[in-house]
Amino acid sequence: MTYRRSTLALAVLSLLAEVDHQQQPGMHPYKMQRLMKDRGKGEVVNVGQRASLYRTIDRLHRKGLIEVRENSREHNRPERTLYALTDEGRAVWREWMLDALAAPTREYPEFLAAMAFVPLLEPGEVAEQLEKRRTNLATELARLDTQIAASGEWGRLFTLEMECMRATTAAELDWVESVIADLHSGRITWTKEWLAAMAAAHAR
């Protein structure tokens with residue numbers, strides 16, 4: 001059986017694995033969303049839309065990876081459904097976690113696609129936009145530093161994903177600054193005439 005992988009599905013299975021480890025009966029969707037937000041996991045998992053969470057839970061349930069452990073209702077409040085991992089869900093979660101840690105996935109960020117076509121713009125406007133990106137990246141770096149410092153009491157184990165985000169943001173900032181410097185110095189430049197000559201030289 002194949003499963004559609006998503007970070008939200010991995011987070012749901014992980015939270016249910018956590019209650020499994022703690023020998024608790026299960027967890028309801030509201031608590032899943034609250035825990036992910038309280039723990040800052042919204043930085044790496046899109047937990048903002050409750051509808052997305054319910055759709056993901058429904059999909060995992062239909063695939064037999066999680067099961068309903070209990071339904072309850074208190075007074076006039078909506079019914080609460082307690083979910084838990086099935087044996088298959090437990091095995092899939094573990095395999096998924098180990099694979100995600102070991103194997104880099106091929107992603108297709110919009111920024112890289114845009115960089116692939118920068119010769120269609122003027123060098124000056126590319127530099128101008130990258131300067132804006134540099135400012136945004138520096139702001140993001142400062143925000144991540146604040147978040148990591150605020151989570152300090154939990155120890156490094158609980159901020160590893162934030163550290164990784166900071167490292168990749170800092171690396172991108174360094175790279176963007178190097179491209180801006182080369183655009184301003186002329187080490188990277190182009191004209192329509194030069195591009196046309198290149199295309200003609202490489203035409204088959």
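Helix H1 buries Leu8, Ala9, Leu10, Ala11, Val12, Leu13, Leu15, Leu16, Ala17 and Val19. Buried means under 20% relative accessible area, exposed means over 50%, and partly exposed lies in between (1.4 Å probe, protein chains only). Helices (H or I, at least four residues) and strands (E, at least two) are DSSP runs, numbered from the N terminus. This is a predicted model: local features need pLDDT of at least 70, side-chain atom pairs count only at pLDDT 80 or more, and totals for chains, interfaces and linings use all residues. Residues are numbered from 1 along each chain as its sequence is written, and side-chain values use heavy atoms, with hydrogens and water left out.

What covers the buried residues of H1? The cover includes H2, H3, strand S1 (66-72), S2 and H4. The 15 residues of H1 should span 21 Å at 1.5 Å a residue, and its end C-alpha atoms are 21 Å apart, which agrees. The expected span is 1.5 Å times one less than the number of residues. After H1 comes Gln23, with a positive phi near 55 degrees.

Now the cores. A nonpolar core is a set of buried Ala, Val, Leu, Ile, Met, Phe, Trp, Tyr and Cys residues joined through side-chain atoms within 4.5 Å. The largest one has 26 residues, and Leu13, Leu16, Met32, Met36 and Ile66 touch the most other members. Two or more residues each come from helix H1 (7-21), helix H2 (29-38), helix H3 (50-62), strand S2 (80-85) and helix H4 (87-102). H1 gives the most, with 10 residues. Take Met32: leaving aside residues up to four places away in sequence, Met32 touches Val12, Leu15, Leu16, Met27, Leu53, Ile57 and Tyr83. Contact here means heavy atoms within 4.5 Å.

A second, separate core has 14 residues, including Val126, Ala127, Leu130 and Leu141. Those four are also among the buried residues of H6. H6 (residues 123-150) has 28 residues and should span 40 Å at 1.5 Å a residue; its end C-alpha atoms are 40 Å apart, which agrees. The buried residues of H6 pack against helix H5 (110-115) and H7.

H7 (residues 160-185) contains Leu160. Leu160 counts as partly exposed because its relative accessibility is 42%.

Next, the charges. Side chains of opposite charge can pair when their charged atoms come close. A salt bridge is a side-chain nitrogen of Lys or Arg within 4 Å of a carboxyl oxygen of Asp or Glu. The whole structure has 14 salt bridges. Arg187 and Asp182 form one, at 2.6 Å from N to O. Arg187 is exposed at 61% relative accessible area, while Asp182 is partly exposed at 22%. Shared partners join Asp20, Asp87 and Arg90 into one salt-bridge network. Within it, the closest N and O atoms of Asp87 and Arg90 are 2.7 Å apart. Asp87 and Arg90 are 3 residues apart in helix H4, so about one helical turn separates them. Glu163 also pairs with Arg156, with the closest N and O atoms 2.8 Å apart.

Last, a sense of scale. Glu95 lies in helix H4 and is exposed, at 58% relative accessibility.
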